[in-house]
Every structure is written in structure tokens, then in C-alpha cells.
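Dear colleague,

I am handing over the structure below, and I would be glad if you could look through it before reading the notes that follow.

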Amino acid sequence: MVDLELAKKMVLAPLTTETSEKDIRRFAEVLGDIEVYSIIVDEYYIPLAREVLPGRRIGTIVSYPLGSLTAEVNKKIIQKALGYGCSEIDFSPKFNHLKSKKYDLVKKELKEIVDLVGGKLDIVALPQVSQMSLAEIEKSCSLFLEAGIKIIKTNSGLNQGTTEMEHVQFIKRKFGDSLEIEVSAGVRTKEQALAFLNIGADRIHSSTWKQIIGIDKEEA
Amino acid sequence: MTKHEIARMIDQTQLKPNISLDSIESICLEAKLFDFATVAIHPCHIPFAKELLEGSNSGITAAIAFPYGAWSAEMKEFEVRDAIKNGATDLDFVINVGALKDKKYDVLKREGEMLRKATEGKILKSILEVCLLTEEEIVKACEIYSRAGVDFVKTSTGFLEPPTLEVVKIMYETVKKAGTRVKAAGGIRTPEDAKKMIEAGATRLGTSSGMQIYMGWEE
């Protein structure tokens, strides 16, 4: 039995090196008419995702996983996302700038992104909480809010550690409802997903989404 | 083979996502000191590395479309041109593995040709991520990219499983006639690892252990 209410809070990302057109088509078939929050694909697959997943929120990743692209390339990929009519981007600010407290550079980068997007799609920023101290998480989130970014995705999930309940509780305590929180990395089961939602997370990213929302194994 | 000859085969690599600028500085200093072929880094670090490598023989390898490779050829071309503008001498791009899986060979051919055109005078390496591929797919990808004119076919990004010697041999046998070379990357940590890869046909090695390999190399 599919948990349709929980499904609405899921962000799905068929994103691996070997993801093929066949996989995206199969993904769309498996999803059927189940409503989910959004679907994140790599730039190459945005047109296909728009075709086989019509009417859904489609997004892409920018500077994944921890901000390795130049400003020019970030700009180009965001322009592509805007051109394709994406609903969101998952944006990784430069991890080493945040870590080394180069906040002017972080602010500059965030401003460029926010200005370029011009409110035409949602920006989800990744603070990579698994590798930050609580003070660094607080500072990162403050910088995002100052720049006008109101959604965070906790982690990139690329072998970089997991999100803990304490991270979400801390962000919630510091920022209340001013930041929407998407939890990523480490959510494998429905119980874990519900536990995060119960303490105030808004959405869940997970590669085990089928098990979490209860799509039968045979069907998937 | 001399220590210097092995050094000139090494792309001293630092592509961990969570790296600090200190670690970029370290590999650049090592590259300068030992005369490594290049440092292999993320594009955002190229200007910093360029300054540090001023006056040395070591080039800069830019990791393009990392780590998934699922970008359009236009997007990869844009990143390649941007990296060259910033100082990259070598461009290591992740191929469109999904298109290979779908047998959309025209997509791969176009990608290879577009990137070759955009990197004239620079070293172009196509990363296959061989641990995800069948032998048939590895051979096919080697043929397509070799024909498109890349300088090297490269085994792996280093994010996933390292390549086997057997795979390096297959790649070498497939491209040697065309004069395309093989870069092995992933899991190369000791002089012995490096030696085996070279014997299998690799002439460029992507490794974060360049210094250990150089120090332990017996001429």
C-alpha cells in the first residue's frame, strides 16, 4: 500500500553515472501518477524528464556535490535550467569557502546565483551538515537566508556522511520556519523518514524512496 | 624506467569533494618538486593552481562533468572552454555513460568530436568509468572516443571501483593501433601498482599517491 501523503514529501533523484534514458523512462512508469514533491535529474536528462514526467516539478544539480564548478559554469547550467523551465536547482556553494570562513566569497557567489535566477525557480542550498560543526551550520544557513535562499538540503549524499536528527533539531531551533529543510543522506526507511518529518523536516531525499513510500518490490 | 620518467606519467590528483586549498597547494608543490605531468583538480581550483605552478613543467588537468558525466555535449564543451581559459592544459571528461548503456553511439561520437574541436592543442582524456561497463561497452567506448581523436582513454573517476589490470589491457589493445593512449586511475598507491598498470599498457597514471610512487620507484 503506497503512503500517498508521505510520497508528497519526497524528492526523488534518479542520478547516477550509469543512469540511462531507459532508466528514466522506467522511473516514470514506476512512479505512475503518484504525487511526489519534485524530481532531480542531471542536465542531460532534463528534456527527457520534462517529456516523460509532464506537469511535475523537475530540478537539476548545480556544482554537485560540494561546489566544484566555476562561477561561469554555474551560470551556464542555471541558464539551461531556466530555459528548460525547471522548478528548482540544488545548488552546492563552495565547501572550502564555507569551511575557511571566506564569507565574502560565499556571499558573492550566492548573490550571483540569486540574481541570475531572479525568483524564476526555487534555489535549494546544500550546507553539507555532516561535515560541519553546529556553528558552521548556523553560519551557512544565516548566509543562505541573508541571500534570500529559504530552502536547504542537508547533505549531498555522495559518500560524505549522513544527516542526524540532531542536525535537523538544531537548524529548526535556530531558524524555526524561516528555512525549509530537506533531509538527505542516511534516510533509508519509512520509520527514519517519519522521524525526521516529525521533528520538523519538510521533505526527504532518498534513493530508497520505493521502500519508504511502500511501492511493492515486484512492481518496482 | 627512471624516477623522472615515472614522474612525467603522473597526474597528481586531488578530487575529493571536501578538500581545502591547503591540499591543492600541497599537490602543486609536489608536482613542481618532482616534475609530475600535471595536477588533476576540480575546475574551480585552476586559477589558484596556475599561480602555484608558474615556471614549472607541470600542467593542470581539469576534471570535466564530474562526477556523473550526464551533461549534454554543449554543457561539457562550455566547461572545457572555461577551464582552458583559466589555465587547464589537460581535460579529463566523464563520458555520457547512460548514452553508452542505451547504445546511443551517435551521442558519444558527437560529444567526442565537439570536445576534440574545443580542446585543440590540449590533452583530451575521456573517462569511461569502466567498473560500470561490460567488456563490450568498454571496447565500443574506446573505439568511438579514439576515433573522435581523444589523446587518452581513461579508466575511472576514482569515485567508484578501481580498474583491473585486465581492463587496462583490453583498453590498450583496442586503441593502440590508432595511437591513442591509456590513462589508468583509481587504486594506484604504490610503485608496484604503478608498474603493473604500465605493463598493462597505461602511459599516464591518475593517483593521489604520486609522491609515494616517486619516492619508492626503483630505477
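Let me begin with Ile89(A), which is in contact (heavy atoms within 4.5 Å) with Thr60(A), Val62(A), Ile78(A), Ala81(A), Ile113(A), Val117(A), Leu121(A), Asp122(A), Ile123(A) and Val124(A), leaving aside residues up to four places away in sequence. Please keep in mind that this is a predicted model, in which local features need pLDDT of at least 70 and side-chain atom pairs count only at pLDDT 80 or more, while totals for chains, interfaces and linings use all residues. Residues are numbered from 1 along each chain as its sequence is written, chains are lettered from A and ligands numbered from 1 in the order in which they are written, and side-chain values use heavy atoms, with hydrogens and water left out.

Ile89(A) and Ile171(A) touch the most other members of the largest nonpolar core, which has 127 residues; such a core is a set of buried Ala, Val, Leu, Ile, Met, Phe, Trp, Tyr and Cys residues joined through side-chain atoms within 4.5 Å, where buried means under 20% relative accessible area, exposed over 50% and partly exposed in between, with a 1.4 Å probe and protein chains only. A second, separate core has seven residues, among them Leu15(A), Tyr64(A), Leu158(A) and Tyr68(B).

Chain A also holds a closed barrel of eight strands, running β1-β2-β3-β4-β5-β6-β7-β8 with parallel pairing; strands (E, at least two residues) and helices (H or I, at least four) are DSSP runs numbered from the N terminus, and two strands pair if DSSP finds at least two bridges between them. Within it, β3 (residues 58-62) and β4 (residues 88-91) of chain A are joined in the parallel sense by four bridges, and there Thr60(A) has Ile89(A) as its bridge partner.

Further along, β6 (residues 151-153) and β7 (residues 180-183) of chain A pair in the parallel sense over three bridges, with Lys153(A) opposite Glu182(A). The parallel pairing of β7(A) with β8 (residues 203-205) of chain A has two bridges, and Val183(A) stands opposite Ile204(A) there.

Finally, the cysteines: over all chains there are zero disulfides, that is, pairs of cysteine sulfur atoms within 2.5 Å. Cys131(B) is in no disulfide, and the nearest cysteine sulfur, that of Cys142(B), is 14 Å away. Cys131(B) is partly exposed, at a relative accessible area of 33%, whereas Cys86(A) is buried, at 5%.

With best regards
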